[in-house]
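Here's a quick tour of a protein model, starting with the confidence scores and ending with a few side-chain pairings.

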Amino acid sequence: HLKKSKYMYFASPMGNGIQAPKIYESMMCETVPVLTDELYARQLRDLYNLPIYIIDEWKNLNENHLIETYENEYKNYDWCSLKKRFHVDNFIDEFLNNK
């Protein structure tokens, strides 16, 4: 039995390229990835309906706002359904054939 993460969020800076593996790994641990406001981040969130928290700049992270947002938007998120979308058999239909 896998234990979900004890963390609510995972900071995922872009680095030298899109850090997609870390983004998906955090979601598999039921942790919301935090990304800066870039086109790819908005596309992942909006086109694929993924639980991604977007900020304008890292210096603007606010612990109280993060907790409030988690309580209002992510606390009851259906992580089980999301993780099923990431399984290999479902991934092709969900992300490659439908877009």
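Buried means under 20% relative accessible area, exposed over 50%, and partly exposed in between (1.4 Å probe, protein chains only).

## Model and confidence

This is a predicted model, where local features need pLDDT of at least 70, side-chain atom pairs count only at pLDDT 80 or more, and totals for chains, interfaces and linings use all residues. Residues are numbered from 1 along each chain as its sequence is written, and side-chain values use heavy atoms, with hydrogens and water left out.

The protein chain averages a pLDDT (the predictor's confidence in each residue, from 0 to 100) of 84, with 79% of the residues at 70 or above.

## Salt bridges

You'll find 6 salt bridges here, each being a side-chain nitrogen of Lys or Arg within 4 Å of a carboxyl oxygen of Asp or Glu. One of them joins Lys22 and Glu25 at 3.3 Å, N to O. These two sit 3 residues apart in helix 1 (residues 20-28), so about one helical turn separates them. Helices (H or I, at least four residues) and strands (E, at least two) are DSSP runs, numbered from the N terminus. Lys22 is partly exposed at 41% relative accessibility, and Glu25 is partly exposed at 42%.

Lys59 pairs with Glu57 in a salt bridge, with the closest N and O atoms 3.6 Å apart. Lys59 is exposed at 68%, while Glu57 is partly exposed at 38%.

## A buried leucine

Leu44 belongs to helix 2 (residues 39-47) and is buried, at 12% relative accessible area. Leaving aside residues up to four places away in sequence, Leu44 touches Ile23, Tyr24, Asn49, Leu50 and Ile52 (contact: heavy atoms within 4.5 Å).
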